[in-house]
Amino acid sequence: MKDLRKFTRDILMQIGIPGNVAGFKYLVEAIKLAIDNEKTLNSITKEIYPAIAAIFNTKPSNVERSMRHAISISWSRERICSLNEIFGARYFVENEKPTNSEFIALFADKVQDLMVG
């Protein structure tokens with residue numbers, strides 16, 4: 001089985017999220033947490049943000065904002081087509097940027113499928 005964090009990092013970089021922004025590493029952890037326990041997606045603000053904040057010694061609000069910023073970078077670079085190609089379907093459209101939880105949920109689901117396949 002492929003390394004989950006490396007696989008996730010590679011895809012995030014392909015869609016234009018630079019590895020040097022804090023949201024990048026937070027998204028990697030959020031996707032891993034969502035794959036490990038999909039129930040965490042039901043309460044992203046109460047479970048995922050605080051868990052990541054504890055790992056990186058920051059505040060949950062910083063985690064949320066940094067993730068939103070990272071996703072915005074990808075959208076501003078118009079890399080939506082790359083993400084749709086990787087996932088094999090049109091999940092995202094240019095003028096409809098997903099919320100953090102939508103992005104994490106779909107990404108976790110698709111990464112899990114790709115790693116198994």
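**Notes on the predicted model**

1. Ala22 lies in helix H2 (helices are DSSP runs of H or I, at least four residues, numbered from the N terminus). This is a predicted model, where local features need pLDDT of at least 70, side-chain atom pairs count only at pLDDT 80 or more, and totals for chains, interfaces and linings use all residues. Residue numbers start from 1 along each chain as its sequence is written, and side-chain values use heavy atoms, with hydrogens and water left out.

2. Ala22 comes out as partly exposed, at 30% relative accessibility (buried is under 20% relative accessible area, exposed over 50%, partly exposed in between; 1.4 Å probe, protein chains only). Between Ala22 and His69 there are 9.1 Å, C-alpha to C-alpha, with the pair 47 residues apart in sequence.

3. On to the largest nonpolar core, which has 33 residues; Leu12, Ile17, Leu27, Met67, Phe103 and Phe107 touch the most other members. Such a core is a set of buried Ala, Val, Leu, Ile, Met, Phe, Trp, Tyr and Cys residues joined through side-chain atoms within 4.5 Å. H2 gives the largest share of this core, eight residues.

4. Take Ile17: beyond its neighbours within four places in sequence, Ile17 is in contact (heavy atoms within 4.5 Å) with residues including Leu12, Phe24, Leu27 and Phe103.

5. Thr40 sits in the loop between helix H2 (22–36) and helix H3 (44–56), and is buried at 9% relative accessible area. Not counting residues up to four places away in sequence, Thr40 touches Leu33, Ala34, Glu47 and Ile48.

Notes
Helices (H or I, at least four residues) and strands (E, at least two) are DSSP runs, numbered from the N terminus.
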